[in-house]
Amino acid sequence: MTIIYKHLSRELLKYFCMVLIAVVGIYLAVDFFEKIDNFLDAELPLSRAVLFFALRIPFVVAQVTPVGVLLAVLIVLGLMVKNNETVALKSGGVSAYYLFKPVLAMGLAFSILLFFFSEVLVPITMGETNEIWHNEVKKESAVTSRKKNIWIKGKRSISHITYFMPSDRTIFGVTLNYFDEGFRLIKRIDAQKGVYTGGKWHLFNLIEQDLSENEGGYRVTCREEGSANLEFLPEDLGRVVKKPEEMTYGELSTYIREVEQEGYDATSYRVDLNAKMAFPFVCLIMSIVGSSLALWRERKEGLAGSIFYGIGMAFLYWTLYSFCLSLGYGGMLPPMMAAWLSNVMFASLGTFMVLNADRRWLRYGF
């Protein structure tokens, strides 16, 4: 490794750590003031609140790492342009492509580390934070298994849902049990599926069993459709089901296979599965975009201008990425395309800027 490569690598790592600490600190501060009232209302000890916010750090780090890479590249190369270091390198016969090598190597390294970080640490910590938030702070009665089944304890009722599809607010394999004050089963409803529309649940292909005091048994009624006033909303189910970020790539892949074997649609989970592979590569893409943007812009435009445009590019990427995932959830794009399309587009843009950076390097000398 040459002296220039060592210098760039050291500076990139230094500014990345500085940006990461600053962003994570700001995020946790905002999150703390937003949620601390909930912990006080729940009368939980301070240690639980500290543990909750400490367990949030890995998830926040995983989310802001690509932005940290982008800003670190812009700051380091921008300072080199400002201090005329690029002019000295150019006069010594160093091309712009020479500076891209350590930047891209660092971007690739961060992508690999982010993938394993998201696979090993984030699922564990997110599971713990969600459990603290829903069970201890919110004191929600709904409980989810580590698989698909959801059990909900209401007021003299116990409901079981085999599978919940958040994208279209649909539940499958519904069983509703209602009890009297003596915990005697007085009514049971089994339905193939339920859809939440118009502010209420509509059940389909349902069987009702009502306790008949006179006959001493249960009266059975079959219907194709009927509405029900259930004690939970789709938002309640969305909070308690196991999230994709709480599962590793292998766990999510197994989960999808089980869901599809039972005949349910797992499109949204397939999008999340592909996103687990696509998202870490954002670090590499941001290093390409950041380095090309820093060397593309002229010296007179300053470091602040490069950072401003870099933040704009990051915002544009997240907007496009979220939009593509939404199209994938809705079935308008194949899961793989939904997860990778924004990466391909920005990688192409960054590559185009890289190919033209050396020409501008020779023309303007920065």
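A residue counts as buried under 20% relative accessible area, as exposed over 50%, and as partly exposed in between. The model discussed here is predicted.

Q: Why is Lys-14 called partly exposed?
A: The relative accessibility of Lys-14 is 39%.

Q: What makes Glu-11 buried or exposed?
A: Glu-11 has a relative accessible area of 16%. The limit for a buried residue is under 20%, so Glu-11, at 16%, is buried.

Q: How do you know that Glu-11 and Lys-14 meet in a salt bridge?
A: The N to O distance between their side chains is 3.3 Å. A salt bridge requires a side-chain nitrogen of Lys or Arg within 4 Å of a carboxyl oxygen of Asp or Glu, and the 3.3 Å of Glu-11 and Lys-14 meets that requirement. Both residues lie in helix H1, three residues apart, which is about one turn of the helix.

Q: Which residues do salt bridges that share partners join into one network?
A: The network consists of Asp-31, Lys-35 and Arg-56. The count of salt bridges comes to eight. Among them is the bridge between Asp-180 and Arg-184, whose closest N and O atoms are 3.1 Å apart; Arg-184 is partly exposed, with a relative accessible area of 41%.

Q: What makes the charged end of Lys-35 sit over the ring of Trp-133?
A: The charged end of Lys-35 is 5.6 Å from the centre of the Trp-133 ring. The distance limit is 6 Å, and the charge must also be within 35 degrees of the ring normal. Lys-35 is listed as sitting over the ring of Trp-133. The charged end of Lys-193 sits over the ring of Phe-204, also at 5.6 Å from its centre.

Q: Why is the pair of Phe-179 and Phe-183 called stacked?
A: The ring centres lie 4.3 Å apart and the planes are at 5 degrees. Pairing needs centres within 6.5 Å, and planes under 30 degrees apart count as stacked, so Phe-179 and Phe-183 form a stacked pair. Phe-179 is buried, with a relative accessible area of 13%, whereas Phe-183 is exposed at 57%.

Q: How many aromatic pairs does a search of the whole structure find, and what makes the pair of Phe-16 and Phe-110 tilted?
A: The search finds 21 aromatic pairs. The centres of Phe-16 and Phe-110 are 4.3 Å apart, with 45 degrees between the planes. Stacked planes are under 30 degrees apart and edge-to-face planes over 60, and the rest count as tilted; at 45 degrees, Phe-16 and Phe-110 are tilted. Phe-16 lies in helix H1 (residues 3-41) and Phe-110 in helix H4 (residues 96-120), so the pair ties together parts that are 94 residues apart in sequence. Both residues are buried.

Q: Which residues form one aromatic cluster with Trp-133?
A: Phe-32, Phe-33, Phe-39, Phe-52 and Phe-53 form the cluster with Trp-133. Trp-133 is one of the buried residues of H5, which include Met-126, Ile-132 and His-134.

Q: How do you know that the span of helix H5 agrees with its 16 residues?
A: At 1.5 Å a residue, helix H5 (residues 122-137) should span 22 Å, and its end C-alpha atoms are 21 Å apart, which agrees. H5 is followed by Lys-139, whose phi is positive, near 50 degrees.

Q: What makes Asn-274 buried or exposed?
A: Asn-274 has a relative accessible area of 17%. Buried means under 20%, so Asn-274 is buried. Asn-274 is found in helix H8. Leaving aside neighbours within four places in sequence, Asn-274 is in contact with Pro-335, Met-336, Ala-339 and Trp-340.

Conventions. Residues are numbered from 1 along each chain as its sequence is written. This is a predicted model: local features need pLDDT of at least 70, side-chain atom pairs count only at pLDDT 80 or more; totals for chains, interfaces and linings use all residues. Side-chain values use heavy atoms; hydrogens and water are left out. Rings of Phe, Tyr and Trp (its six-membered ring) pair if their centres lie within 6.5 Å; planes under 30 degrees apart count as stacked, over 60 as edge-to-face and the rest as tilted. Helices (H or I, at least four residues) and strands (E, at least two) are DSSP runs, numbered from the N terminus. Buried means under 20% relative accessible area, exposed over 50%, partly exposed in between (1.4 Å probe, protein chains only). The expected span of a helix is 1.5 Å times one less than its number of residues. Contact means heavy atoms within 4.5 Å.
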